[in-house]
Amino acid sequence: MKNNDLELITDFIKGAVSIFKTIFAVFCESFKKKTIPARAEQNPQISDNLRGLIECNYEKCTGCGLCIEVCPSMNTLTIKEDENGVKKLTNIDISKCAFCGSCAYICPNGALNITKQYKLATNNKKDLILDCKEIYKANTQNTDKTLDMPSFVNEEEI
């Protein structure tokens, strides 16, 4: 046998041993006792700098448009005239939001606030368009000033 043939045979044996070691490790892992992850109902510890859902105080909004100017995501915030002809922030599309917080930081009147609410999953994308006026009405009617479920825009308005 040539020296080159011996090298090929030893490389083949090394490769086969490596494959069998991997198969054995996977086989052993499959029979190990598995740890059960924490329950979904248990809330994780939330960091102080978490940026979650945007909250809008409809009465404080003057419709200046600074929030729209600094927003890196396009068409996240919508300003329209209300029934009195005053421009106000009307809708927040959180499906497009990057949760950067720029809108809240730039707002001169403090109309926008970043909350720690992070559970925003839904099967319907239209549920992610928040109606600022409806949320403000619901928050002012609640005695504890919190809203468990955000109020969403009607489908006809989209």
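**Around K96**

K96 is partly exposed, with 36% relative accessible area (under 20% is buried, over 50% exposed, and in between partly exposed; 1.4 Å probe, protein chains only). Its side chain meets that of D93 in a salt bridge, 3.7 Å from N to O (the cut-off is a Lys or Arg side-chain nitrogen within 4 Å of an Asp or Glu carboxyl oxygen). D93, on the other hand, is buried at 9%.

K96 also turns up on the contact list of S73, together with C97 and A98, once residues up to four places away in sequence are set aside (contact means heavy atoms within 4.5 Å). S73 itself is buried, at 15% relative accessibility, and belongs to the loop between α2 (66-70) and β2 (77-81).

**What you're looking at**

This is a predicted model, where local features need pLDDT of at least 70 and side-chain atom pairs need 80 or more, while totals for chains, interfaces and linings use all residues. Numbering starts from 1 along each chain as its sequence is written, and side-chain values use heavy atoms, leaving out hydrogens and water.

The protein has four helices and five strands (DSSP runs numbered from the N terminus: helices are H or I with at least four residues, strands E with at least two). Walk along the sequence and you get α-β-α-β-β-α-β-β-α. Of the 158 residues in the protein, 25% are buried. Take the contacts with a separation of 6 or more, and 65% of them come from residues 24 or more positions apart.

**The other salt bridge**

How many salt bridges does the structure hold? There are two. Besides the D93 and K96 pair, K133 and E83 bring their side chains together at 2.8 Å, N to O. K133 sits in helix α4 (residues 132-141) and E83 in the loop between β2 and β3, so this pair ties together parts that are 50 residues apart in sequence.

Is E83 buried or exposed? E83 is exposed, at 60%, whereas K133 counts as partly exposed, at 21% relative accessibility.

**Rings**

The model has one aromatic pair. F27 and F31 have ring centres 5.0 Å apart and planes at 70 degrees, so the pair is edge-to-face (Phe, Tyr and Trp rings, with the six-membered ring used for Trp, pair if their centres lie within 6.5 Å; planes under 30 degrees apart are stacked, over 60 edge-to-face, the rest tilted). F27 is partly exposed at 49% relative accessible area, and F31 is exposed at 63%.

F12 is exposed, with a relative accessible area of 64%.

**Two positive phi angles**

N75 isn't a glycine, yet its phi is positive, at about 60 degrees. You'll find N75 in the loop between α2 and β2, where it is exposed at 57% relative accessible area.

F99 is also a residue other than glycine with a positive phi, near 55 degrees. F99 lies in the loop between β3 (87-93) and α3 (102-106) and counts as partly exposed, at 24% relative accessibility.
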